[in-house]
Amino acid sequence: MERLQEKLGYRFADRTLLATALTHPSFGSDHRVAHYQRLEFLGDAVLELVVSEYLYRALPDVPEGTLTRMRAHTVREEALFQAAQRLELGRLVRLSVGEERTGGREKPSILADVAEAVFAAVYLDGGMEAARRVILASLGNLLNIRSLSDCLDEKSRLQEELQKRGAMPRYVFLSCEGPAHAPKFRYRVLEGETLLGEGEGASKQLAQQAAAKNALQKLGANHCG
């Protein structure tokens, strides 16, 4: 645990919290000791708050929907698994014999849970500021704004893609059908005179987003959600 504390950049006053965070329920049941599930519950909330605040401050002009996608992208199991691997949590987690035999130390679901539990342990031991420092450092490049660019809304993402080759998207209104209370707009998006995609939606903005998404799919560009 000394090495883990060095990697975290945080030293525990109450090391039993860290021991609990590293204890799988199977081990806890076999040995009648506390395990990480309650800490995981708390860590999930602390993690979301830290990431939400970071994105809110780092991206003042990005709308709520995009921030939500970015947060989900950052706190997903795969991202936490990567953070756990960097912290080498797999070699430290206490497992039952059965869980050990089935490769528990390498399971993304277990290591993601352990990462959240460790974040909660830091929060309980050292407070919010300590937890914030540890979480942001542990996530590392996963919070790099460039790495989150795929989570921009489709129109922004398409504009970014086209700007790479010196072009800009142009949206053209095609039609509006349906009753006034439930209109259906249709737009196409062009690069110069080249058709990139078409889409429809309940508003002009949604139709343009749908057209951009269709264009991104045809271009083979990744997009979030």
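Leaving aside its neighbours within four places in sequence, which residues is Thr20 in contact with? I took contact to mean heavy atoms within 4.5 Å. On that criterion, the partners of Thr20 are Ala34, His35, Tyr36 and Leu39.

**Entry 1: Conventions**

I noted that this is a predicted model, in which local features need pLDDT of at least 70, side-chain atom pairs count only at pLDDT 80 or more, and totals for chains, interfaces and linings use all residues. Residues are numbered from 1 along each chain as its sequence is written, and side-chain values use heavy atoms, with hydrogens and water left out.

**Entry 2: Thr20**

I placed Thr20 in helix α2 (residues 15-21). Helices (H or I, at least four residues) and strands (E, at least two) are DSSP runs, numbered from the N terminus. Thr20 has a relative accessible area of 19% and is therefore buried. The classes I used are buried under 20% relative accessible area, exposed over 50%, and partly exposed in between (1.4 Å probe, protein chains only).

**Entry 3: Aromatic pairs**

I looked up ring pairs and found two aromatic pairs in the structure. Tyr10 and Phe12 make an edge-to-face pair, with 5.1 Å centre to centre and 85° between the planes. Rings of Phe, Tyr and Trp (its six-membered ring) pair if their centres lie within 6.5 Å; planes under 30 degrees apart count as stacked, over 60 as edge-to-face and the rest as tilted. Tyr10 is buried because its relative accessibility is 12%. Phe12, at 8%, likewise counts as buried.

Phe173 and Tyr187 also form an edge-to-face pair, at 5.6 Å centre to centre and 70° between the planes. Phe173 belongs to strand β1 (residues 169-177) and Tyr187 to strand β2 (residues 184-191), so this pair ties together parts that are 14 residues apart in sequence. I recorded Phe173 as partly exposed, because its relative accessibility is 43%. Tyr187, with a relative accessible area of 7%, is buried.

**Entry 4: Strands β1 and β2**

I then examined the pairing of these strands. β1 and β2 run antiparallel to each other over eight bridges, where a pair of strands requires at least two DSSP bridges. Arg170 has Leu190 as its bridge partner in β2. Six residues stand between the strands of this hairpin, in which Gly178 takes a positive phi near 95°.

**Entry 5: Helix α10**

Which residues of helix α10 (residues 154-163) are buried? I listed Glu154, Lys155, Arg157, Leu158, Glu161 and Leu162. Their arc around the axis is only 160°, so they are on the same side of α10. The arc is that of the directions from the helix axis to the C-beta atoms. An α-helix has 3.6 residues a turn, so residues three or four places apart point the same way. The cover over the buried residues of α10 includes β1, β2, β3 (194-201) and α11 (204-219).

Lys155 lies over the face of Tyr171, 4.9 Å from the ring centre. For this I required NZ of Lys or CZ of Arg within 6 Å of the ring centre and within 35 degrees of the ring normal.

Gln159 is also in helix α10, but is partly exposed, with a relative accessible area of 32%. Not counting residues up to four places away in sequence, Gln159 touches Met168 and Pro169. From C-alpha to C-alpha, Gln159 and Arg170 are 9.5 Å apart, with a separation of eleven residues in sequence.

**Entry 6: Positive phi**

Most residues other than glycine have a negative phi, and most peptide bonds are trans. Arg32 sits in the loop between α3 (25-31) and α4 (37-58), and at 79% relative accessibility counts as exposed. Glu88 has a positive phi near 60°. Glu88 is in the loop between α6 (77-86) and α7 (97-101), and counts as partly exposed at 23% relative accessibility.

**Entry 7: Ser96**

Ser96 is likewise in the loop between α6 and α7. Is Ser96 buried or exposed? Ser96 is buried, with a relative accessible area of 10%. Its side chain makes a polar contact with the side chain of Ser26 (3.1 Å). A polar contact is a pair of N or O atoms within 3.5 Å; within protein, one must be able to donate a hydrogen and the other to accept it, and residues adjacent in sequence count only if both atoms are side-chain atoms. Leaving aside neighbours within four places in sequence, I found Ser96 in contact with Ser26, Phe27 and Asp30.
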